[in-house]
Amino acid sequence: MWSLPLLRHTDVPPRVTENFILSGYRFPNCSLRQCLYSAFRPTNETGNFWTHFLPIFVFAFHFVEVFTWEGVPEPSSPFFYPFWNYFLGVLYLLLASSLAHLLNSMSLIIREICFFVDYGTISAYTVGSSLAYYYYIHPQAGIEIEFGGPNSTQRKSLNADDEAWPSASSPTHFQLFFESLYIPSSCLVAIICVITCCNTRQCWRKYRYAVRTLVFLLPFFLSSTPVFYRLSVSSPSSSSPHLFSTMAVFFYRHCFWLLVSALFNISKIPERFSPGNFDIWGHSHQWFHCCTFLSILDELQMIKVEMQAVLLNPTLVLSPAMPPRLPGPTLWSTYGVMLLLQGCIACIIACFGWQAYQIYAPEQKKLKRH
């Protein structure tokens, strides 16, 4: 592996080249072992791999901190169902992205499939975020938590200002939307995003980065509606002003890092202004990865603040007779939703993978002979 030459953009198929990246390319005919070794050799994909692989361990460290809090239920409790699905969504995203950049030089066909899977995991992550927002951040959410056994169940709300919310007997349009359409809409939009991003591998090639970035604005705004609703109906003068303000700060920072990452992905700065000088380290896709992870980390902290408000603040305990204003998490409404979504995404990837095989199989045979 160490003796294999790194190539310039003129020495590899046009499908492999990236704008303003002139050198550091691997030939798209590497073995699996050569691809794995390339993680420790400076190529134009090495930084892309590590900027999403190392964050897996950082994210896992901050994730498991929740289970060390005092008074938390068992990790298998229904209270944690949305949290585990959120974790799986982030894990799939970071792992698929890092492996896509590491293994995409095995062949042109595998390259396409790697990035199809990458787009699919991004969409799955948006649905995982939607589940966490729905069950932990929505101001009318309610979750049953068991402490010590089935006879010691308490029902808690994520917001103590009960008089501010409409009663369950007179549901609003927002309530009806969240109860019936929010999660299905998130799944539908995620599927649309996968199809659109996969299509950019063949269509709209000139504007592919802008299309991929802009298309994910829709799931962002849709999945964030519980947060927008929470910010609009609550205020820092509520019974937990510190927790509310902390949640708001994390959300605004989450949005900021997403915006910065989008700018890097579309503008191709800094390599646009100095082609060839950022081929290995410091090009826009590496900064894009770093900013997206920072946005995820702030999102995780925002969710943890809301979970902590439920678990550790005794003023938020409601009457055991009070029903949750939104349905609580179940295996079907969390793991079932994610499993069904993953099945749909897998079918989409299989269809696009077959299409890629038909297009690139003849070209790949020529590359092998070469």
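Modeller: In this predicted model, Lys-268 lies over the face of Tyr-209, at 3.5 Å from the ring centre.

Biologist: What makes Lys-268 count as a charge over the ring of Tyr-209?

Modeller: The distance cut-off is within 6 Å of the ring centre for NZ of Lys or CZ of Arg, and Lys-268 lies at 3.5 Å, over the face of the ring. Arg-212 also lies over the face of Tyr-209, with 5.6 Å to the ring centre.

Biologist: How many aromatic pairs does a search of the whole structure find?

Modeller: The search gives 32 aromatic pairs. Phe-67 and Phe-83 form a pair whose ring centres are 6.5 Å apart.

Biologist: Why is the pair of Phe-67 and Phe-83 called tilted?

Modeller: Planes under 30 degrees apart count as stacked and those over 60 as edge-to-face, with the rest tilted; the planes of Phe-67 and Phe-83 stand at 55°, so the pair is tilted.

Biologist: What parts does this pair tie together?

Modeller: Phe-67 lies in the loop between helix H2 (46–64) and helix H3 (81–103), whereas Phe-83 lies in helix H3, so the pair ties together parts that are 16 residues apart in sequence. Both residues belong to a cluster linked by ring pairs, which includes Phe-63, Trp-84 and Tyr-136.

Biologist: How do you know whether Phe-83 is buried or exposed?

Modeller: Buried means under 20% relative accessible area, and Phe-83, at 0%, therefore counts as buried. Phe-67, with a relative accessible area of 21%, is partly exposed, since that label covers values between the cut-offs of 20% and 50%.

Methods:
Residues numbered from 1 in each chain as written. Predicted model: local features only at pLDDT ≥ 70, side-chain atom pairs only at ≥ 80, totals over all residues. Heavy atoms only, no water. Phe/Tyr/Trp six-rings, centres within 6.5 Å; stacked < 30°, edge-to-face > 60°. Helix = DSSP H or I, 4+ residues; strand = E, 2+ residues; numbered from the N terminus. Buried < 20%, exposed > 50% of the residue type's maximum accessible area, 1.4 Å probe, protein only. Lys NZ or Arg CZ within 6 Å of the ring centre and 35° of its normal.
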